[in-house]
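Good morning. Please have a look at the structure first.

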Amino acid sequence: MREWLQNVWEAVYTVLVGMTITWRHLFTKSVTLQYPSEKWPLPPRTRMRLFMKYEDCIGCGQCVRACPVACISMKTEKRPADAKPIWAATGHPIKLDVTAFDIDMSLCCYCNLCTYPCPTFCIYMTPDYEFATRNLTEHLYRFAKKDAVFLTEDPKKKAGEEPKPGASPAGAAGA
Amino acid sequence: MDVLWGFLNQNLSGFSGLPAWLQTAIPAAICGVLLITFMALGPILYVYVETKVAGFMQDRIGPKRVGPHGMLQTVADAVKLMFKEAIYPAGADKKLFILAPCLVVLGAFMSFVVIPFGARGVTANLNVGIFYVVAVSSLSTVGLIMAGRASNNKYALFGAMRSAAQIVSYEIPAVMTLLTIVMIVGSLSLNDIAMAQAGGLHRWFLFRYFPIMPVAFLIFFTAGLAECNRAPFDIPEAESELVAGFHTEYSGFFFSLFFLAEYTEMFVVSAVASVLFLGGYLAPHPWLQQVGPLPLGWFWLWFKAWGLVFVMMWLRWTLPRARVDQLMYIAWKVLLPIALGLVVIVGGLVLKPRTAHGFPWDRFVGWPITLLVVGFLFTAMVRALLWNRSRGRELGDSGSPSPVQVWR
């Protein structure tokens with residue numbers, strides 16, 4: 001009998017305790033984030049979708065070698081000797097025509113290893129993470145452009161100086 | 001209904017010239033349409049409030065997108081359910097399968113007929129009102145068993161059997177507590193029961209015979225929870241054990257009928273509980289019974305029933321589901337003995353002749369209890385607000401980033 005009464009009392013009491021807790025939470029600020037309209041700020045150096053600035057690529061292929069999952073594929077051709085000399089924004093002369101530069105984001109493991117060796121900093125991670133697609137092949141990003149506009153002047157050269165035609169700017173490579 | 005009849009008689013010329021059966025049928029039809037509209041539209045509101053309460057209690061915000069503050073979410077859900085295909089499982093007894101949800105809804109809706117929304121605002125003032133409610137609400141059990149049997153699904157049958165066992169068990173303590181009220185009032189009519197509590201808050205049956213009637217109220221409310229299959233007694237549709245219990249195989253409109261019945265039953269149980277224990281359509285003080293010419297009886301009943309519906313929701317999001325054996329333990333070994341004891345004690349108290357010089361316990365015990373309860377709730381609320389504020393400060397100090405508004 002004593003135990004029974006104790007059980008009944010405990011049942012009623014614990015229900016009340018639980019109800020107090022839920023009552024408290026009734027007035028708690030909700031933690032919901034209305035996702036498409038609100039977003040958490042991303043931490044700096046977030047590694048999301050890869051981007052490659054085609055105009056700055058010198059076709060060295062270091063990113064391709066660095067990639068552990070081989071998601072970058074690149075094709076280069078030697079630039080003809082009589083072609084107009086072009087430079088990357090960092091001052092590196094572009095001696096190879098990059099005819100294809102494909103990144104398969106469905107393979108990418110977001111390790112960021114490809115961006116470290118890039119001498120011209122043309123490949124980097126962007127904070128864009130909303131690129132879900134219905135079709136997996138849409139994750140293959142082709143960065144090579146036919147109509148790319150390259151720098152025809154060495155950006156490291158001082159303004160007013162004549163660029164040496166066909167010559168390799170040794171100062172830029174060393175810098 | 002007789003009020004409406006009188007009104008029509010006075011204000012519509014030619015109404016008294018109609019044949020006798022039409023004179024009954026027309027007010028009955030008007031009452032029916034009013035009640036069915038009220039009952040059919042009610043669950044839209046209940047479901048909205050339920051989702052919101054559930055959200056707030058889990059620190060979420062609930063529906064937000066459809067309409068202002070998500071108010072049209074349940075309307076959208078209802079429309080979706082209406083237009084969904086009704087699927088009949090292979091091997092199902094199609095006739096019973098269709099009849100079952102109708103019967104469940106019927107059982108829930110028929111109780112509305114005797115619930116008084118005012119001293120004269122009752123569709124049918126039956127002299128066996130409370131008995132009628134008990135009888136009619138058991139009708140839905142038949143519907144549930146039918147649904148389980150007709151679905152040709154083992155989980156549905158499990159759910160139906162559990163539901164039957166549960167309702168049969170919990171009906172007994174509920175009726176026992178009803179009996180105490182009936183003994184005090186000496187009438188089965190819901191209107192008489194409400195009127196017996198006239199005179200203010202301290203006359204409500206909740207506060208009579210101090211430690212006895214509050215316990216009776218608790219028992220009745222618990223049994224009511226079990227009878228409308230609400231958590232923590234929702235084992236008939238325990239979604240983690242049976243898929244969805246008796247309505248596993250139902251879809252579309254027939255599923256929405258079960259939904260409708262569940263929420264209507266919630267309201268019925270709450271309304272009956274408030275008529276029996278909380279004075280029904282009577283205001284806490286006679287002054288508040290009427291504002292000018294406008295009687296507030298319907299408001300008070302609605303308000304009290306809603307309060308109890310809210311407590312049901314509160315309990316649902318607080319307590320885990322009881323096991324079947326625990327459920328039976330509570331019904332047969334806890335509620336029933338206590339209810340029987342209450343019947344004996346109240347019977348003795350009613351038989352005992354009242355002496356003119358006796359201390360009026362009713363008047364002096366009900367009020368302090370009310371004050372205690374209200375004070376407890378108020379302090380709990382204030383403490384909750386303070387707790388949240390301090391917790392917010394802690395969160396702010398920890399430097400967790402806050403969301404950024406991108407677009408609205």
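Let me start with one pair of residues: A:Ile72 sits opposite A:Ile103, and A:Ile103 belongs to strand 6 of chain A. Keep in mind throughout that this is a predicted model.

Now the strands around that pair. Strand 3 of chain A covers residues 72-78, and strand 6 of chain A covers residues 96-104. The two run antiparallel, and 7 bridges join them.

What else does strand 6 of chain A join to, and by how many bridges? The partner is strand 8 of chain A, residues 140-142, with 3 bridges, and this pair also runs antiparallel. As an example from strand 8 of chain A, Leu140 is the residue that A:Asp104 stands opposite. So much for chain A.

Next, chain B. Chain B has a domain 1, residues 1-80, and a domain 2, residues 84-351. Between the C-alpha centres of domain 1 and domain 2 of chain B there are 19 Å.

How many residues are in contact across these two domains of chain B? On the domain 1 side there are 17, and they are in contact with 16 residues of domain 2. Which elements give two or more residues to the domain 1 side? They are helix 2 of chain B, residues 20-57, and helix 3 of chain B, residues 73-83. Helix 2 of chain B has the largest share, with 12 residues.

Last, the makeup of that side of domain 1 of chain B: 13 residues are nonpolar, 2 are polar and 2 are charged. That is the end of my part.

How values were computed. Residues numbered from 1 in each chain as written. Chains lettered and ligands numbered in written order. Predicted model: local features only at pLDDT ≥ 70, side-chain atom pairs only at ≥ 80, totals over all residues. Pairing = 2+ DSSP bridges. Helix = DSSP H or I, 4+ residues; strand = E, 2+ residues; numbered from the N terminus. Domains from an automatic or database assignment. Contact = placed C-beta atoms within 7 Å. Nonpolar A, V, L, I, M, F, W, Y, C, P; charged D, E, K, R; others polar.
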